[in-house]
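Welcome! Please take a moment to look at the sequence and the 3D structure before reading on.

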Amino acid sequence: MNEEGNFKKFLLLWTGELISSIGGGLTSFGLGVYIFDRTGSAASMALVTLLGFLPTLLLSVPAGALADRFDRRLMMMIGDGCSAIGIIFILLCMMSGGASLIQICIGVSVSAIFSALLEPSFKATITDLLTTEEFSKASGLVSLAGSARYLFSPVIAGLLLAVSDIKLLLFIDICTFFLTVMSAAVVRRGIGAKKTKTGEPMLESIKTGWNILCKKRGVMVLVFMSSVITLFMGMFQILAEPLILSFRDAKTLGIAETLCACGMLASSLVLGIRGLKGSYVKTLGLSLVVSGVFMAGFGIFENIISICIFGFLFFSALPFANNCLDYLIRTNIPSDVQGRAWGMIGLISQLGYVVAYVISGFAADVLGKTSGRGVGRGSAYVILIAGILLSVTATGILFAKSIRELENRETEEKTDDEK
């Protein structure tokens, strides 16, 4: 196997996902501002986010099974390319005089349905291309690509909205889909289609994904704990924008989001260059504890400087947690079933986001109205509470024996291989 060549193919694939993430961030930012300007409700923003996320979550398990049954690069091309349909629909509605909340919900739902094919295939492809030693470095770069929607997109979108409108953002996002499909096509041609077993029924494949997780109690505990953690992080994700928009404009929001996400950029670059050499469980627990502290700080003051500082610190801790989660799970699952496993993992671990999107906007609106201080402070109260609960929950990782055993087993297996 040409390891150097495979890492270059990974970098090409990663570049495509980086571009896609930036384009998706432009649309997400633009739609958030568009909806808040017209409704003034955090619940409406949360509804759109939920409908853009829920189809991807519900389809993640069958998408994972497809990633193990068919060519993973082809699945990525179909998912990325066809997800543009929903964005095109919203753009056409905008060009016809403005999109209603219902039309936006339909568009983001259609886009999310096809996007479901992407993540399990992308993560399984990383395993196809790279060695175990390269996983940590690759995870840092993948985290960086994911952070691009928070790092680059907000400031670009904020500046573009100052001179144009949301239609330009949607058009740019649509163009990025073609670039990402091309990068996946080049990689697919370079390594060929992966031969997979297609005789197993779909339901049996899904059951296999569940059984894989059940084989190691530590993996299952880590996945379910991740679901609780995503509940609190989802609240932060959906309410940060209405918090800032309640006392600042879209341009300031874009700059603030970019400054906050610079923390993720710095940490992701460090991990991409150096990676982590050990102590994954300890690093995971501590990074999530401090993330909760910084999240709580984000909601304390209605001050843009304070918000940017705590936001920067919050995002700087996340890549370490993501890196450790990815490594501990990836190294404890056989490579030939990772598509099915990641699909099931995605379903369980991200259920917290669904709950967050359902209750966070409503809670912010109610608290804002009850306190008489508006939806902005209502959002701040919810973020403050979520941050405290995140820190408390994350301490459980440091004391979970089954999770610590995941790292110990991986180290023992590596030592046996060296012997």
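What follows is a short tour of the structure, grouped by topic.

This is a predicted model, in which local features need pLDDT of at least 70, side-chain atom pairs count only at pLDDT 80 or more, and totals for chains, interfaces and linings use all residues. Residues are numbered from 1 along each chain as its sequence is written, and side-chain values use heavy atoms, with hydrogens and water left out.

**Aromatic rings**

- The structure holds 9 aromatic pairs. Rings of Phe, Tyr and Trp (its six-membered ring) pair if their centres lie within 6.5 Å; planes under 30 degrees apart count as stacked, over 60 as edge-to-face and the rest as tilted.
- One of these pairs is Phe 236 with Phe 315, an edge-to-face pair with 6.3 Å centre to centre and 65° between the planes.
- Phe 236 sits in helix H12 (residues 217-245) and Phe 315 in helix H15 (residues 304-330), so this pair ties together parts that are 79 residues apart in sequence. Helices (H or I, at least four residues) are DSSP runs, numbered from the N terminus.
- Phe 236 counts as buried at 6% relative accessibility, and Phe 315 counts as buried at 10%. Buried means under 20% relative accessible area, exposed over 50%, and partly exposed in between (1.4 Å probe, protein chains only).
- Tyr 280 and Tyr 327 form a stacked pair, with 4.1 Å centre to centre and 10° between the planes. This pair links distant parts of the chain, with Tyr 280 in helix H14 (residues 280-298) and Tyr 327 in helix H15, 47 residues apart.
- Both Tyr 280 and Tyr 327 are buried.
- Phe 236 and Phe 315 also belong to one aromatic cluster together with Tyr 150, Phe 298 and Phe 314.
- Arg 38 lies over the face of Tyr 34, at 3.7 Å from the ring centre. A charge sits over a ring if NZ of Lys or CZ of Arg is within 6 Å of the ring centre and within 35 degrees of the ring normal.

**Nonpolar cores**

- The largest nonpolar core has 101 residues, and those with the most contacts inside it are Ile 104, Leu 284 and Phe 298. Such a core is a set of buried Ala, Val, Leu, Ile, Met, Phe, Trp, Tyr and Cys residues joined through side-chain atoms within 4.5 Å.
- Helix H12 gives the largest share of this core, 17 residues.
- Leaving aside neighbours within four places in sequence, Ile 104 is in contact with Leu 31, Tyr 34, Ile 35, Val 48, Ile 90 and Ala 99. Contact means heavy atoms within 4.5 Å.

- Which residues in H6 are buried? They are Ile 104, Cys 105, Gly 107, Val 108, Ser 109, Ser 111 and Ala 112.
- The expected span of a helix is 1.5 Å times one less than its number of residues.
- H14 has 19 residues and reaches 27 Å from its first C-alpha to its last, close to the 27 Å expected.
- H14 is mostly covered, with 14 of its 19 residues buried.

**Buried residues in loops**

- Ser 41 is placed in the loop between helix H1 (3-39) and helix H2 (42-58), and it counts as buried at 15% relative accessibility.
- A polar atom of the Ser 41 side chain lies 3.3 Å from the backbone nitrogen of Ser 44.
- Not counting residues up to four places away in sequence, Ser 41 touches Phe 36 and Asp 365.
- Leu 130 is found in the loop between helix H7 (118-129) and helix H8 (132-151). Leu 130 is buried, with a relative accessible area of 6%.
- Leu 130 touches Asn 6, Phe 7, Phe 10, Phe 135 and Ala 138, again not counting residues up to four places away in sequence.

**A residue in helix H16**

- Gln 338 is in helix H16 (residues 338-349), where it is buried with a relative accessible area of 2%.
- Gln 338 and Ala 67 are 271 residues apart in sequence and 8.6 Å apart in space, C-alpha to C-alpha.

Definitions and conventions. Helices (H or I, at least four residues) and strands (E, at least two) are DSSP runs, numbered from the N terminus. A polar contact is a pair of N or O atoms within 3.5 Å; within protein, one must be able to donate a hydrogen and the other to accept it, and residues adjacent in sequence count only if both atoms are side-chain atoms.
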